[in-house]
Amino acid sequence: MKHFKHLTKPYIVWSFILIVIPLLLIALYAFTTGGNSVKILDFTLKNFIKILDPTYISVFLKSVKLGLITTGICLLMGYPLAYFISRFKERTQDFLVLGVTIPMWINLLLRTYAWLNLLADNGIINNLLSMVGIGPITMMYTDFSVTLGMVCNFLPLMVIPIHTSLRKMDNSLIEAAYDLGANQLQTFGRIVLKLSMPGIINGIVMVFLMSISTFVIPKLLGGGQYLLIGNLIESQFISVGDWNFGSAISLLLAIIILISMRLMKKIDPQDD
Amino acid sequence: MKKKKHIFSGLYIVLCFIFFYLPIVITMIFSFNASKSLTHFTGFSLRWYQELITNKEIVSAVYVSVTIAILATVISTVLGTITAIGLSKSRKFLKEYLLNVNNIPILNPEIVTAIGLMILFSSIGIAKGYMTMLLAHICFCTPYVITSVYPKVRNLDPNLANAAMDLGATPFQALRKVILPLIRPGIFAGALLAFTMSFDDFVISYFVTGNGVKNISIIVYNMTKRTNPTINALSTIVIVVIILILLVVNIVPILKKSKERKED
């Protein structure tokens with residue numbers, strides 16, 4: 001069996017080159033100046049100081065705000081969905097879960113693009129509204145359209161983990177709670193909610209992570225002027241060409257996400 | 001009372017599913033629209049599908065997406081599987097190091113992985129294009145293969161391979177005839193994940209490609225700037241392909257499971 005030990009060698013080399021080194025390069029770029037040349041290292045904190053500029057701070061705050069709103073809506077919509085699904089027969093549950101998962105496997109870009117036709121000023125929803133006499137409502141290129149796109153795309157990420165923990169729950173615990181005189185609300189709060197906590201936390205982390213770093217959804221549904229962290233990074237690398245500043249933002253984004261994951265893990269009572 | 005509740009929960013599930021599927025269904029319907037309008041359905045036609053197959057840019061994008069997905073799936077499945085097998089026999093330190101490194105592309109925002117690879121490729125001086133896209137796809141697919149194969153390898157009885165070798169099998173034979181068949185479901189799940197991840201990828205491909213090499217997602221992204229129902233036709237094909245694969249892969253085990261349950 002010792003022979004098999006050597007099988008990890010290719011991946012040790014591979015992961016070092018394609019996973020570890022890129023991260024180090026981002027860090028290196030974030031702390032240096034001088035365009036795209038790595039040969040002359042000129043260490044600086046300038047890139048991070050630049051982030052403190054009010055325009056960039058507001059981009060960060062807006063991203064976090066939209067991320068929190070999206071996560072909140074996903075939790076409010078996703079919990080009941082996961083709960084109702086978990087009340088069905090096993091086999092029906094399997095199919096319903098499959099129904100929730102399928103959209104996740106379809107290209108996010110295509111799913112987001114589809115909303116364009118629905119939300120446009122002369123789009124399908126506005127056409128329907130005008131039939132009942134409600135004038136066209138501008139939905140595209142607003143916070144509303146971006147949030148809607150995020151919720152639609154990321155809701156499954158909330159539903160699946162919550163459903164998994166609800167399904168694992170021992171139903172006799174609920175019966176026991178009723179037998180011991182708890183009412184519906186108490187049973188839900190003290191048993192169901194508590195036992196599904198790991199799923200809730202997992203879902204919150206996933207949705208927040210995705211919504212804070214996306215750049216496709218704000219670009220398509222928010223328009224060219226709509227800037228979130230992801231768009232800021234993209235513009236630095238694709239159009240502006242300031243890779244050092246772009247790397248600094250990316251590093252900060254990665255750190256924000258690592259910290260929020262750590263925090264969430266700490267809250268999670270059942271994590272081991 | 002109980003029935004009323006059931007109706008309510010059923011209705012809620014239906015509404016959520018409409019929310020999930022409405023945009024997809026609308027895209028599909030309008031791909032058959034005779035006119036260019038994306039809001040008024042004027043008649044059935046296959047016009048946009050015809051335009052799709054005559055558009056050279058789209059045809060080459062389909063070729064890029066499909067070949068990269070196949071190559072990335074094969075390579076990352078092999079790499080991920082041998083790594084997972086090796087990991088179960090490695091020392092604790094190495095195991096923990098590698099599993100942690102392996103988690104980075106899964107946990108990190110896609111855009112950070114993308115720019116990391118972009119900087120890497122331009123630092124080494126590889127010309128951006130098909131090759132860099134393929135390398136990047138293998139890079140983000142392999143971690144998913146490892147995470148789906150490794151638990152299966154860990155649950156294996158270590159004596160099985162030893163017994164095979166005691167009975168005269170070479171290590172390679174033991175691997176091929178004993179270990180691989182036992183972890184096949186994990187490998188299969190990993191490969192499926194790798195294929196769909198690669199086929200659907202936009203963010204990473206967008207940053208690491210160059211020289212006019214584009215996959216389907218990049219083409220769609222460039223086309224969304226103006227009204228173009230050809231995207232709907234392209235989307236429809238992609239969606240149908242993915243849904244068919246998923247249905248076949250998922251429904252078969254569900255039916256099998258419920259059949260087994262019946263027999264129990």
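Predicted model: local features only at pLDDT ≥ 70, side-chain atom pairs only at ≥ 80, totals over all residues.
Residues are numbered from 1 along each chain as its sequence is written, chains are lettered from A and ligands numbered from 1 in the order written, and side-chain values use heavy atoms, without hydrogens and water.

## The nonpolar core

A nonpolar core is a set of buried Ala, Val, Leu, Ile, Met, Phe, Trp, Tyr and Cys residues joined through side-chain atoms within 4.5 Å. Buried means under 20% relative accessible area, with a 1.4 Å probe and protein chains only.

The largest core has 162 residues. Phe215(A), Leu117(B), Phe202(B) and Phe207(B) touch the most other members. Helix H6 (residues 130-154) of chain B gives the largest share of this core, 13 residues. Helices are DSSP runs (H or I, at least four residues), numbered from the N terminus.

## Aromatic pairs

Rings of Phe, Tyr and Trp (its six-membered ring) pair if their centres lie within 6.5 Å; planes over 60 degrees apart count as edge-to-face. The structure holds 23 aromatic pairs over all chains. One is Tyr206(B) with Phe207(B), edge-to-face at 5.4 Å centre to centre and 80° between the planes. Tyr206(B) counts as buried at 15% relative accessibility. Phe207(B) is buried at 1%.

Tyr206(B) also pairs with Tyr221(B): the centres are 5.2 Å apart and the planes at 65°, so this pair is edge-to-face. Tyr206(B) lies in helix H10 (residues 203-208) of chain B and Tyr221(B) in helix H11 (residues 216-223) of chain B, so the pair ties together parts 15 residues apart in sequence. Tyr221(B) is buried, with a relative accessible area of 2%.

Ring pairs also link Tyr79(A), Tyr83(A), Phe84(A), Phe188(A), Phe8(B) and Tyr12(B) into a cluster.

## The second largest pocket

On a 1 Å grid over the protein atoms alone, a pocket is an open set of points where a 1.4 Å probe fits, with protein on both sides within 12 Å along at least five of seven lines; lining residues have an atom within 4 Å of a point. The second largest pocket holds about 770 Å³ of space. Of its 20 lining residues, Tyr83(A), Arg87(A), Tyr178(A), Gln184(A) and Lys5(B) are the closest to its centre.

Methods
Buried < 20%, exposed > 50% of the residue type's maximum accessible area, 1.4 Å probe, protein only. Helix = DSSP H or I, 4+ residues; strand = E, 2+ residues; numbered from the N terminus. Points joined across faces, edges and corners; volume = space filled by probe spheres on them. Phe/Tyr/Trp six-rings, centres within 6.5 Å; stacked < 30°, edge-to-face > 60°.
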